[in-house]
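Have a look at the picture first, and then we'll go through some of its details.

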Amino acid sequence: MQRYSIQMLSVQPDTKPKGCAGCNRKIKDRYLLKALDKYWHEDCLKCACCDCRLGEVGSTLYTKANLILCRRDYLRLFGVTGNCAACSKLIPAFEMVMRAKDNVYHLDCFACQLCNQRFCVGDKFFLKNNMILCQTDYEEGLMKEGYAPQVR
């Protein structure tokens, strides 16, 4: 995989027009893109799969097998997929996930596996015996095992 940055540059009126790597015409627009050490019209730097304008969807592009791709299509075609640790279903490589140690979860599956409480950003969770637990269920489990959590 090769990941490259995309720069948007203003064309200075007193400079000689640059040639576009996509269409080979001179770039006479107000802005141009620089990527892969070449210059591009904004309309010419596109993902080979979905045809999205790469300058609009982010500041990076990916190349592999002589293709220029957006992040989503790169991951869809060449990314590593895995299974959710909670539901065991496949997680597509482009999907957002939550991680806890070596476990990966769908966003919807990232919840306490005893009471199904969903976690929000900043919520405390515990990983015990490869299960995600909320603080209440984790502490209740400790009490049943004869351990009292230390309150500070």
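Which residue forms a salt bridge with Glu 42? Arg 53 does, and the closest N and O atoms of the pair are 4.0 Å apart. A salt bridge here is a side-chain nitrogen of Lys or Arg within 4 Å of a carboxyl oxygen of Asp or Glu.

Before going on, a word on where this comes from: it is a predicted model, where local features need pLDDT of at least 70 and side-chain atom pairs count only at pLDDT 80 or more, while totals for chains, interfaces and linings use all residues. Residues are numbered from 1 along each chain as its sequence is written, and side-chain values use heavy atoms, with hydrogens and water left out.

**Salt bridges**

Side chains of opposite charge can pair when their charged atoms come close. The structure holds 4 salt bridges, and three of them are listed here.

| Pair | N to O distance |
|---|---|
| Glu 42 and Arg 53 | 4.0 Å |
| Arg 53 and Glu 56 | 3.0 Å |
| Asp 108 and Arg 118 | 3.7 Å |

Asp 108 and Arg 118 both sit in the loop between β10 and β11, so their bridge ties together parts that are 10 residues apart in sequence. (Helices, H or I with at least four residues, and strands, E with at least two, are DSSP runs numbered from the N terminus.) Asp 108 is exposed at 62% relative accessibility, whereas Arg 118 is partly exposed at 45%. Those words have cut-offs: buried means under 20% relative accessible area, exposed over 50%, and partly exposed in between, using a 1.4 Å probe and protein chains only.

Salt bridges with shared partners also link Glu 42, Asp 43, Arg 53 and Glu 56 into one network.

**A sheet of strands**

Now for the strands. An open sheet is formed by 3 strands in the order β2-β3-β4, with antiparallel pairing. Its edge strands, β2 (7-10) and β4 (38-40), each pair on one side only. Two strands count as paired if DSSP finds at least two bridges between them. Strand β3 (residues 31-35) is joined to β4 by 3 bridges, and Ala 35 has Lys 38 as its bridge partner in β4.

Most residues other than glycine have a negative phi. Ser 88, though, has a positive phi near 65 degrees. You'll find Ser 88 in the loop between β7 and β8, where it is exposed at 55% relative accessible area. Asn 116 has a positive phi too, of about 65 degrees, although it is not a glycine. Asn 116 lies in the loop between β10 and β11 (125-128) and counts as exposed at 58%.

**Buried or exposed?**

Asn 103 belongs to strand β10 (residues 103-106) and is buried, with a relative accessible area of 12%. By contrast, Met 96 is exposed, at 59%, and its place is in the loop between β8 (90-91) and β9 (97-100).

Thr 81 falls in between: it is partly exposed, with a relative accessible area of 42%. It sits in the loop between α2 (71-78) and β7 (82-83). Thr 81 and Met 131 are 50 residues apart in sequence, and 21 Å separate them in space, C-alpha to C-alpha.
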